[in-house]
Amino acid sequence: MNEVTHQRIKTNGIWMHIAEQGTGPLVLLLHGFPEIWYSWRHQIGYLAKHGYHVVAPDMRGYGDTDSPLSPTSYSIQHLVGDLVGILDHFGEQKAFVVGHDFGAVAAWHLSLFRPDRVKALIALSAPYFERSSSTRDSESVRRIFSDGCYVYQFQEPGRAEKSFARYDYLTVMKKFLLYNKTDYLVAPPGMEIIDYLETPAVLPPWISEEDLQVYAEKFEESGFTGALNYFRTIELHWELMGPWQGSKISVPSKLIVGDKDIGFEIVGTREYVKGTVLKSLVPDLEVVILDGHHFIQQEKAQEVSDEILSFLRKFST
């Protein structure tokens with residue numbers, strides 16, 4: 001079997017770096033914040049070995065992919081356009097799509113906007129949420145979590161970049177990727193979120209210093225603005241999503257979430273996932289809850305790989 005190869009392709013007006021391996025049905029693996037294609041290092045070879053053409057891009061604004069300066073270039077429509085361009089590049093009408101965190105958000109919306117291009121969807125750590133018809137997203141974040149919430153702090157261009165710069169890139173990666181508390185990322189009044197997050201003295205068994213250095217080196221090259229711009233589209237997202245109010249996601253879907261993920265514990269998300277509301281928005285949905293935290297595809301690599309493969313096989317010919 002061939003090894004992981006790398007190339008840059010033109011899609012939706014930008015140059016996008018992709019890692020790929022294997023032959024067979026196309027599987028897109030979409031990372032979240034603050035990561036790169038490398039977050040799928042365990043799944044790429046595993047899925048390729050089982051007969052799939054696996055493509056893991058650096059998402060717009062990350063790693064070796066172009067990073068437009070304006071936050072308005074990071075709308076969900078831009079992200080979905082990037083993904084459609086990948087399918088077109090490989091001459092594929094449909095693909096399996098697997099996304100984590102913001103990558104899951106992109107995957108959900110690709111399935112919402114272009115169900116004709118998706119065979120099946122697997123979302124990690126981020127369930128689908130319908131746009132509120134009455135309250136803007138930024139207002140909801142501030143009301144529920146206060147000004148200290150990381151999402152709110154990231155809104156102001158340059159603010160997070162300035163605070164992150166007080167630390168080396170490896171430390172920033174450790175603060176975010178290794179956060180394992182049960183409380184949400186909300187800093188006390190007057191404190192920046194990066195200062196509030198602790199730097200673990202001991203690494204968990206699922207990640208090494210060398211792994212963290214891969215992330216750190218790429219963010220040292222690209223900076224954090226592209227990644228932070230995803231958060232800075234929150235108002236634009238609310239404004240643009242009006243036409244899809246009330247729409248359902250029709251493609252076969254699977255949600256994998258860690259039971260200790262802070263996003264699973266907040267404001268009723270656990271009840272939302274396990275109840276009837278999410279199922280009403282995504283009728284063909286399977287939910288799997290694993291023992292783990294937010295970066296579940298790394299922390300529980302084999303379990304997640306097996307869950308992905310078993311779902312893909314249901315729809316592979």
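Buried means under 20% relative accessible area, exposed over 50%, and partly exposed in between, with a 1.4 Å probe and protein chains only. Keep that cut-off in mind for S163, which counts as buried because its relative accessibility is 3%.

This is a predicted model: local features need pLDDT of at least 70, side-chain atom pairs count only at pLDDT 80 or more, and totals for chains, interfaces and linings use all residues. Residues are numbered from 1 along each chain as its sequence is written, and side-chain values use heavy atoms, with hydrogens and water left out.

**The whole protein**

Show the cartoon. The secondary structure comes to 16 helices and eight strands. Helices (H or I, at least four residues) and strands (E, at least two) are DSSP runs, numbered from the N terminus. Along its principal axes, the C-alpha trace spans about 55 × 45 × 40 Å.

Of the 317 residues, 55% count as buried. Contact means heavy atoms within 4.5 Å. Among contacts with a separation of 6 or more, 76% join residues 24 or more positions apart.

**Stop 1: S163**

Select S163. This serine lies in helix α6, residues 159–164. Its side chain reaches the backbone oxygen of A160 at 2.9 Å. That is a polar contact: a pair of N or O atoms within 3.5 Å, where within protein one must be able to donate a hydrogen and the other to accept it, and residues adjacent in sequence count only if both atoms are side-chain atoms. S163 touches both, not counting residues up to four places away in sequence.

**Stop 2: helix α1**

Select residues 41–49. The buried residues of α1 are R41, Q43, I44, Y46, L47 and A48. What covers them? The cover includes strands β2 (14–21), β3 (26–30) and β4 (53–57), and helices α9 (209–222), α15 (296–299) and α16 (301–314). Step past the helix to G51. Its phi is positive, near 95 degrees.

**Stop 3: R131**

Move to the loop between β6 (118–124) and α4 (137–145), where R131 is found. Is R131 buried or exposed? R131 counts as buried, because its relative accessibility is 18%. A polar atom of its side chain lies 2.6 Å from the backbone oxygen of W238. Leaving aside neighbours within four places in sequence, R131 is in contact with W238, M241, G242 and Q245.

**Stop 4: F231**

Go to the loop between α10 (225–229) and α11 (234–240) and pick F231. At 7% relative accessibility, F231 counts as buried. Show its partners: F231 touches F33, F102, Y150, V151, F154 and Q155, not counting residues up to four places away in sequence. For scale, draw a line to I296. F231 and I296 are 65 residues apart in sequence and 21 Å apart in space, C-alpha to C-alpha.

**Stop 5: D261**

Finish at the loop between β7 (253–258) and α12 (262–265), which holds D261. D261 counts as buried, at 2% relative accessibility. Its side chain reaches the backbone nitrogen of G263 at 2.9 Å. Beyond neighbours within four places in sequence, D261 is in contact with S125, G292, H293 and H294. D261 and H294 are 33 residues apart in sequence, yet 4.6 Å apart in space, C-alpha to C-alpha.
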